[in-house]
Amino acid sequence: MGSAAAQRDIPPNIVFGHDESPSSVEEGAAFLIDKPSGLTSFDVVERVRAGSGVKKVGHAGTLDPLATGLLIVLVARPATRLQEAFMHLPKTYEGTMRLGERTPSHDAETEVTDRADVSGLTRADIEAVRDQFTGEIQQVPPMYSAVKVDGERLYKKARRGETVERPPRQVRIDAFEILDWTRPDLRFRVACSKGTYIRSLARDLGDTLGVGAHLSALRRTQIGSYAVSAAWPLEALEQALSQT
């Protein structure tokens, strides 16, 4: 069920897509933003904070730096008080897994450390194991993640070359669609619960197939009923904020 904060109703008049902007952000706004690749979620928050002039700004669910797509940025109360309610919503992603290549971060942010031959791997082989990754599953978070172990973010340990045990977490994969298989790249669409690591999904699928895999591209297309097609380009939002 989640906490009471996660169950709060989200007023529609607090959410703003690319065709609308509040008269005053200080009264609270949840902006749908299409995050570009190369920025951290915190980078986007900082740019919205600078553009809005409001100190209390946060986001409702991290996207990795290389990922693009829907990021919900919350400006001022009462929007920031709805953070858990937004984060609790299911997510939809589209992306590409490169099979036959492993990386320490399970994405393209780190160098390939292991390669395997995928010339004999068929779409039927992938479909045969896909169902193992739907429904309620256990996932081990990546070492390159913001999960805290012994009071420190895992990615800080990973950058020092350390590896520690990470307890698995239960997540839910509602749908795992194969959009295209053109060796060595698997294009997919995944609908999942909060807390799901698509990088871990790529790692585990590759390991199950015996060839390894990493995430080469990822785009978040939906959070609950909010779609990236309605989102602000970041620079356009910054320009709009400068005019309010």
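A: The answer starts with the core and then turns to loops, aromatic rings and the pocket.

First, the ground rules. This is a predicted model, where local features need pLDDT of at least 70, side-chain atom pairs count only at pLDDT 80 or more, and totals for chains, interfaces and linings use all residues. Numbering starts from 1 along each chain as its sequence is written, and side-chain values use heavy atoms, with hydrogens and water left out.

A nonpolar core is a set of buried Ala, Val, Leu, Ile, Met, Phe, Trp, Tyr and Cys residues joined through side-chain atoms within 4.5 Å. Buried means under 20% relative accessible area, exposed means over 50%, and partly exposed lies in between (1.4 Å probe, protein chains only). The largest such core has 29 residues. M97, L99 and F176 touch the most other members. Six elements each supply at least two residues: β5 (91-99), α3 (123-130), β11 (169-182), β12 (185-192), α5 (198-209) and β13 (213-223). Helices (H or I, at least four residues) and strands (E, at least two) are DSSP runs, numbered from the N terminus. A second, separate core holds 20 residues, F31, V44, V45 and L71 among them.

Now zoom in on L99. Contact here means heavy atoms within 4.5 Å. Neighbours within four places in sequence are left aside, and L99 then touches V118, L121, I126, W181, P184, L186, L209, V211, G212 and A213.

One of those partners, P184, deserves a stop. P184 sits in the loop between β11 and β12. The peptide bond from R183 to P184 is cis, with omega near 0°. R183 is found in that loop too. R183 counts as partly exposed because its relative accessibility is 45%. Beyond its neighbours within four places in sequence, R183 is in contact with V118, S119, L121 and T122. R183 also lies 9.5 Å from R123, C-alpha to C-alpha, though 60 residues separate the two in sequence.

Another cis bond runs from R77 to P78, with omega near 5°. P78 lies in the loop between β4 (68-75) and α2 (83-87). A76 is found in that loop as well. Phi of A76 is near 65°, a positive value in a residue other than glycine. Most residues other than glycine have a negative phi, and most peptide bonds are trans. A76 counts as buried because its relative accessibility is 6%.

H106 also has a positive phi, about 65°, although it is not a glycine. H106 belongs to the loop between β6 (101-102) and β7 (114-115). H106 is buried, at a relative accessible area of 12%.

S193 lies in the loop between β12 and α5. S193 is buried, with a relative accessible area of 10%. Its contacts beyond neighbours within four places in sequence are V171 and R172.

Next, the rings. The structure holds three aromatic pairs. Rings of Phe, Tyr and Trp (its six-membered ring) pair if their centres lie within 6.5 Å; planes under 30 degrees apart count as stacked, over 60 as edge-to-face and the rest as tilted. F16 and F31 form a tilted pair, 6.0 Å centre to centre with 40° between the planes. This pair links distant parts of the chain: F16 is in β1 (residues 15-16) and F31 in β2 (residues 29-35), 15 residues apart. Both F16 and F31 are buried. The pair of F86 and Y226 is tilted because the centres are 5.9 Å apart and the planes stand at 45°. F86 in α2 and Y226 in β14 (residues 226-227) are 140 residues apart. F86 is buried at 0% relative accessibility, and Y226 is buried at 16%.

Last, the pocket. On a 1 Å grid over the protein atoms alone, a pocket is an open set of points where a 1.4 Å probe fits, with protein on both sides within 12 Å along at least five of seven lines; lining residues have an atom within 4 Å of a point. The largest pocket has a volume of about 1200 Å³, where volume is the space filled by probe spheres set on the points, joined across faces, edges and corners. Of its 38 lining residues, T62, L63, D64, A146 and Y197 are the closest to the centre. α1 (41-52) gives the most to the lining, with four residues.
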